[in-house]
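Please keep the sequence and the structure at hand while reading.

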Amino acid sequence: MTLSRRRFMLGTAAGLIAVTHLKSRAFAAALKSSGLKDLYRDDFLIGTVLSARSFPDKETTLLDLISREFNAVTAENAMKWEEIRPQLDSWQWDIADQMVDFATRHKMHMVGHTLVWHSQVPAQVFLDSSGQPLERDALLKIMKGHIETLVGRYKGRIATWDVVNEAIEDDGKWRQTSWFKGVGEDYIDHAFRFAHDVDPQAHLIYNDYNTFVPTKRDAIAAMAKKLKARGVPIHGLGMQGHIGIGRPDLTELEQTIEAFADAGMRVHITELDVDVLPSVWEMSAEIANRFEYKPEMDPYIDGFPQEMEEKLADRYEALFKIFLKHRDKIDRVTFWGTSDGASWLNGFPIPGRTNYPLLFNRQMDPKPAYNRLAALKLGK
Ligand code: G3I
């Protein structure tokens with residue numbers, strides 16, 4: 001733990017001690033000796049992402065913080081097709097290997113992200129030597145080979161795989177991806193079966209964003225039920241959780257947790273962050289969208305006001321009260337980043353903004369939102 005962090009934490013705790021003596025003493029002691037993962041150990045895993053920038057051992061302060069605060073980690077980009085296999089015959093294992101080694105060393109739940117997605121896949125994957133779209137069987141063979149190699153390499157070391165990512169649109173219809181068009185609707189069945197055949201112990205999930213949209217929620221739940229009825233080895237559903245500070249209504253998110261559990265699925269919150277900047281449209285994490293920079297859309301370049309810190313803390317506290325209420329359904333809550341400075345939301349949907357979506361600030365000190373989540377457990 002950095003000196004500044006310890007001072008910050010003890011300073012916070014000291015402030016608290018003035019308020020309620022016994023509770024704050026417990027708060028201060030607990031914060032000195034454990035992280036969020038320990039406070040929530042009896043509820044669900046607490047995760048974050050690993051970025052290539054941290055390896056090998058380039059960001060030791062961050063990695064130390066991650067190993068202290070979290071017991072689950074997801075490869076943010078390193079296991080995506082374009083990063084790990086930029087050419088069909090060339091695999092780039094180095095960073096992914098180091099991430100899995102880090103997770104193994106710290107006895108963390110490693111999440112592989114993601115086997116079958118429409119984004120970040122080299123176009124050549126879907127084309128034959130003459131540049132024409134591959135026939136169904138040929139494309140399935142490509143998918144099988146990819147999954148067998150990637151899942152096989154980390155068999156027994158990656159506990160959960162995001163097998164299929166973002167296959168359904170907000171209106172509940174199938175996303176017309178190259179996988180869907182090339183193979184057909186059952187490309188999802190095959191992806192899960194290929195992964196399960198290689199590593200029967202791995203927990204296999206479907207992952208998507210905007211899962212609080214009723215039409216999307218219902219379509220995903222219905223798909224999961226159908227897959228299960230066909231004997232497909234799908235074990236859980238990932239709610240990415242890219243939300244805004246004021247949207248969506250959290251009752252929609254709670255309804256999704258319940259609907260996914262009712263479909264017989266374990267629930268994973270897989271990519272949680274809270275966008276605190278002015279929104280250019282209804283919530284989405286559709287990476288394909290982009291908008292130009294305007295100063296009025298980037299109001300906190302000189303710092304994040306205290307009242308906004310408290311608003312963010314309120315939002316996270318409200319979320320975690322729902323998660324704790326449904327702790328029996330939820331296996332994991334993963335934040336899509338640790339420190340604000342590294343968040344994808346500094347560049348999405350408008351490049352070059354200064355966002356504050358996570359629990360740790362740019363100096364990697366815990367924000368009021370962190371302390372609020374800690375207090376939720378310590379206060380009880
Ligand atoms: O690695 C290259 C680097 O060599 C190059 O210099 C740099 C500048 O072009 O780009 C780097 O790759 C970037 C990569 O992040 C690593 O930083 C890609 O351009 C950029 O597109 C990629 O963005 C990622 C995005 O997914 C698209 O893959 C974000 O970091 C990542 O947070 C985001 O995460 C997605 C989930 O995978 C799926 N759910 C939605 C979520 C947010 O879009």
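**The ligand and its shell**

The model is a predicted one. Around the ligand there are 16 residues, and those that come nearest are Glu 76, Lys 80, His 113, Glu 271 and Trp 336. Sorted by class, this shell holds five nonpolar, six polar and five charged residues.

Which side chains place a polar atom 3.0 Å or 3.1 Å from an atom of the ligand? Among them are those of Asn 77, Gln 120 and Glu 166, as tabulated here.

| Residue | Ligand atom | Distance |
|---|---|---|
| Asn 77 | oxygen | 3.0 Å |
| Gln 120 | oxygen | 3.1 Å |
| Glu 166 | nitrogen | 3.0 Å |

On its own the ligand has 790 Å² of accessible area, of which the protein covers 58%.

**The second largest pocket**

How much space lies in the second largest pocket? The value is about 190 Å³. The lining of this pocket consists of 17 residues, and Arg 53, Glu 59, Leu 62, Ser 339 and Ala 342 lie nearest the pocket centre. Strand S1 (45-50) contributes at least two residues to the lining, and helix H4 (60-69) likewise supplies at least two. By class, the lining residues comprise seven nonpolar, six polar and four charged.

Key. Residues are numbered from 1 along each chain as its sequence is written. This is a predicted model: local features need pLDDT of at least 70, side-chain atom pairs count only at pLDDT 80 or more; totals for chains, interfaces and linings use all residues. Side-chain values use heavy atoms; hydrogens and water are left out. A residue is near a molecule or strand if one of its heavy atoms lies within 4 Å of it. A polar contact is a pair of N or O atoms within 3.5 Å; within protein, one must be able to donate a hydrogen and the other to accept it, and residues adjacent in sequence count only if both atoms are side-chain atoms. Accessible areas come from the Shrake-Rupley method with a 1.4 Å probe; for residues, only the protein chains shown count as cover. Ala, Val, Leu, Ile, Met, Phe, Trp, Tyr, Cys and Pro count as nonpolar, Asp, Glu, Lys and Arg as charged, and the others, Gly among them, as polar. On a 1 Å grid over the protein atoms alone, a cavity is a set of points where a 1.4 Å probe fits but cannot get out, and a pocket is an open set with protein on both sides within 12 Å along at least five of seven lines; lining residues have an atom within 4 Å of a point. Grid points are joined across faces, edges and corners, and a volume is the space filled by probe spheres set on the points. Helices (H or I, at least four residues) and strands (E, at least two) are DSSP runs, numbered from the N terminus.
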